[in-house]
Amino acid sequence: MFRSYLKIALRNLLKRKVYSAINITGLSLGLTCCLLIFEYVTFEYGFDRFNENFPDLYRVTETGSRSGGTEALEGYALGPALDEAVPEVVRFARLHPDYNIPVISSAEHPEKVFEEKSVYYTDPAFLQMFTYPLVSGDLRTALVESGTMLLSESAARKYFGTDNPIGKTLNVTGWIKGVFRVNGVLRDVPTNSHLQFDFLLPMTDLLQKSGYKDPTLAWHWSNFLTYVQLQPGVNIGEVGRKFTNVVMTHRKEHFERTKTSVRVNAQPLRDVYLNGSIFAPKAISGSYRTVYFFIVVGVVTLLIALVNYVNLSTARSLDRAREVGIRKTIGAQRKQLVLQFLVESALTNIGAILLALVSTEFLRPMLNQLAGTQLTIDLLSRPEFWGAVAAISLAGTLLAGLYPAFVLSSFLPASVLKGKGGTSSFLRIRLRQGLVVFQFAAAVVLLAGTAIVHDQLNYVRHMDIGMNLNRVLAVRGPTVLPEGAQKTIMMGTLMEQLRQIPAIEQITRSSALPGEGFNWYSSGLRQSTADPSTGVRGAMAWIDSGFAELFDLELIAGVGFESNAVRGVEGQPTPVIANETAIRNLRFDFPEQSLNQLIHIGGEQCRIVGVYKDFNWSSAHSPREAVLFTPTQAGSKLALKVNSINLGQTIADIRRVYTTIFPGNPFDYYFVDERFDEQYRNDERFATLFGVFAILTILIGCLGLFGLVSFSTEQRLKEVGVRKVLGASITSLVGLLTKEFVFLVCAGNVLAWPVTYHVMSLWLEDFAFRIEIAWWVFALAGGLTLFIALLTVSVQAVKAALANPVEALRYE
Amino acid sequence: MIKTMNLKRMYATDEVETTALNNVNIEINEGEFVAIMGPSGCGKSTLLNILGLLDNPSDGEYHFVGHEVSKYTERQRANLRKANIGFVFQSFNLIDELTVFENVELPLFYLGVASAEREKRVNEVLEHMGVMHRKSHFPQQLSGGQQQRVAVSRAIVAKPKLILADEPTGNLDSAHGSEVMKLLTQLNEAGTTIVMVTHSTHDSEFAHRIIHLFDGHVVTENIKEQFHV
């Protein structure tokens, strides 16, 4: 029986080629989106799952009572204290990124000098907790012995080629300095690991650093990430309470003094990557919001494609009604007919999914490029992928097939055989219209959304950030210095020599540059006379006298550091220039009021000497921060205002001077405005993907519309013929055939606008600086969908209207 | 075999109620060949649909092979129909996507007859009807006469007690029409009851009895010859 269903389904598909092509193409487009999104979502959710202890691994985080923000950075004393006091802790490992960009060089091959961005110091237990396997070396000795290191296979190849790296040494100049012997090689860290590193150095070596030897800083110097492995099945809430108690007990005096408290949590590893809101340096993070967004888009796209199937099947019910009538007359039961139509739906779905699997393979590289993902996992070999494929096909078959199957099988043979049945009932037409409205509403939401995203990005790229970053080239100071050399003096020499290059118009040195955040934050910024518990968050940066001029910072009160009057004097409060936000947060009423006032930040007393107009140091996502600048000649970052003529030569000149003064240091530069714009890279990818999905949904919707119009004009051929005989013009006939669809698309628009407004307002909330959603966005999306839909509909309508009326009448 | 008592069929739209059949009382015995005649719109096809269990009457009783079926559900009617009634239509109503063999096989398929048995019976019928050489063709590849032979083959393959023919020669030229009428006569002679709706006086000549309908009423019944059970 089944074979017979299959046979007739296949013959039906082949007989109505255009219809089948519309159905299969539309569905496969929807399925392709769905599969790509499934891969992306699997990739995002799959982060860190390669770890064998995945369910039992946690990162320790801390939520402060004052800021309400959660951070993953802790003091180095936390891990051992938790291990000792909380029985649920099986083991712990602290991780400390090298906050500098260390320079690593090979003694054997002096030409192999590289800046390395992924260096961590950690405890030996790290490798027992996490699954980062050694390809050579011994797990028992790895990270135990001082002066040893582990490196990734890629790093080993980079420094030692094909030689065996075990026993060889590398010079490391970074947060700490020393010669390290390789005693193990790690398999390269998988792309779906939130920790990315090429070098692991023993925690014991780091703790020798002078700053970490001071036991009073054991809890306060929060530069460490702490991971714990808990016993399986423990109550996380309970563990969190115990963690909190440990911290509150150890830091009792601090919390009492500042009248604050803290809540300590064990954050499951599965949450670490996707919960990008918890700050941790150098860890890569995703976003729940983006993942959810794409899940919704995937489901909606698939639904739009399924709607095509439902609409086309029920629209051409007249076609099938006779067959149903005959079958029923001969004795077919309804369930047999339902099954028959489901087999047809299944066949269409299988055809579509095969096509989708092929297109997914082709489109994956494009998605990787657009979304910045690295979907390289061979999903085809994974059972859950095939499970999803089967589930999507089954859901597609049922969603698309059930309704038409029931509609078609419900025809009464007596009427359909007389040519009376099979026409669409009022309800069925309304449902079909409703589904078209839904399709176009979804398309309009995506289209208007794309326009809003682009508008916002255009706005943030061109907004006045209160600084001028044009033609500013940044060069980092050296990491490796000869024994006994003084960095400040050598940097001064470098600046002197760079000034000789005619293309360099200005030079400044500072501890931080726009677009890169600050190195130093404190949550204790307050007026000296204020209660210590009222401190707010503030950043501090060290700049020289040329900084404000080079970046066009506007001084609105007091004096700048160019003035000789401003000098830091030992024993006196540090002179600082604050920005407007800092002045407001310090609760001064206006800038001038703050001049010469004493303030506290991070235990240090400062005196405000000037106020800069507000500026955006970071992307428009973050609100403006309170910033204090202090004068220094010791900043390690250089910013050079360069003439854009013959830039290549200028950069070559800078490189020559730099490498002459700082041999052994790789020369690296970038343009500050480009780096600043890089902060929007994720938003740009998001915008691109948004646009791609908008185009796809419109395409799928139009395919369906095309099919629907074909059938409806076919059904109205006689009417068109009669009208033509009676003298109707082509225009009026085209109007007659298109007005229903135009109305549906308009209805879709009306439905989509409030949804778009709401959803996109939520998206915009992610930006501290954002546009007002403009009316033209809706007009544009509406006009565009209407135009495309009209084009689709008109082709068929014009064809029907131009046909010879005799032909049309003969059809009947 | 068939007995209707005060059979009524009304069609109602929002504003108009049309009576298609009004107090129709007929009786048809097994082995009879009955023609139903009348002008367009007199209710011939409505009657045939009810007799064929494709539709229910609005009122009255309908006894078919001993069952009172006027209140049967679609499912009950379908079960009774597929085992007892074969249909022949004016427009043949073959399924275009199925071959001749598959079209004829369909009733047996829905009766749940095993595959080997189906093949045997279909081949027998096709042989008998002289369309065996066309068994792998699709309906569109056949002449009208051949299509109607296939339709007749399909109607009789399940060996029904009753064949209902709705203008069986309406779409055929006279030569093919006569052929089909001969076939029906042969079937009737072999014991199958035949009820045929027709406009054609020529065709009605083949029947034992003619029932004339006018505006939903039975107006006359002509018994052409004495019918012997």
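Which residue stands opposite B:Val88 in strand 8 of chain B?

A: Happy to take you through it, bearing in mind that this is a predicted model. The residue facing B:Val88 is B:Ala165, in strand 8 of chain B.

Strand 7 of chain B and strand 8 (residues 162–166) of chain B pair over five bridges, in the parallel sense. Both strands belong to an open sheet of six strands in chain B, whose order is 7-8-9-4-10-11 and whose pairing is mixed. Strand 7 and strand 11 (217–223) of chain B are at the edges and have a single partner strand each, so one side of each has no neighbour in the sheet. From one strand to the next, the twist averages 20°.

Next come the helices that lie across this sheet. Helix 1 of chain B lies across strand 4 (33–37), strand 7, strand 8, strand 9 (193–197) and strand 10 (209–214) of chain B, and runs at about 155° to strand 8 of chain B. Helix 6 (residues 174–189) of chain B lies across strand 4, strand 8 and strand 9 of chain B, with an angle of about 150° to strand 9 of chain B.

The surroundings also include the other chain. The contact between the two takes 26 residues from chain B and 26 residues from chain A. In chain B, B:Glu97, B:Phe109 and B:Tyr110 lose the most area to chain A, together 30% of what that side buries. Chain B and chain A bury about 2,400 Å² between them, with 55% of it on carbon and sulfur atoms.

As for specific pairs, the rule finds eight residue pairs in polar contact across the interface of chain B and chain A, both residues being at pLDDT 80 or more. Strand 7 (85–89) of chain B supplies at least two residues of the side that touches chain A, and so does each of helix 1 (44–51), helix 2 (74–84) and helix 3 (100–111) of chain B. Sorted by class, that side of chain B has eleven nonpolar, five polar and ten charged residues.

Two salt bridges are found across the interface of chain B and chain A. In one salt bridge, the side chains of A:Arg11 and B:Glu102 meet at 2.5 Å, N to O. The side chain of B:Glu102 also meets that of A:Lys7 in a salt bridge, at 2.8 Å, N to O. B:Glu102 lies in helix 3 of chain B and A:Lys7 in helix 1 (residues 2–15) of chain A, so this pair joins two chains. Over all chains, the count by this rule comes to 30 salt bridges.

How values were computed
Residues numbered from 1 in each chain as written. Chains lettered and ligands numbered in written order. Predicted model: local features only at pLDDT ≥ 70, side-chain atom pairs only at ≥ 80, totals over all residues. Heavy atoms only, no water. Contact = heavy atoms within 4.5 Å. Buried area = accessible area lost by both parts, 1.4 Å probe. Salt bridge = Lys/Arg side-chain N within 4 Å of Asp/Glu carboxyl O. Polar contact = N/O pair within 3.5 Å; in protein donor to acceptor, adjacent residues only side chain to side chain. Helix = DSSP H or I, 4+ residues; strand = E, 2+ residues; numbered from the N terminus. Nonpolar A, V, L, I, M, F, W, Y, C, P; charged D, E, K, R; others polar. Pairing = 2+ DSSP bridges. Axes fitted to C-alpha atoms, helices over the stretch in contact; angles between N-to-C directions.
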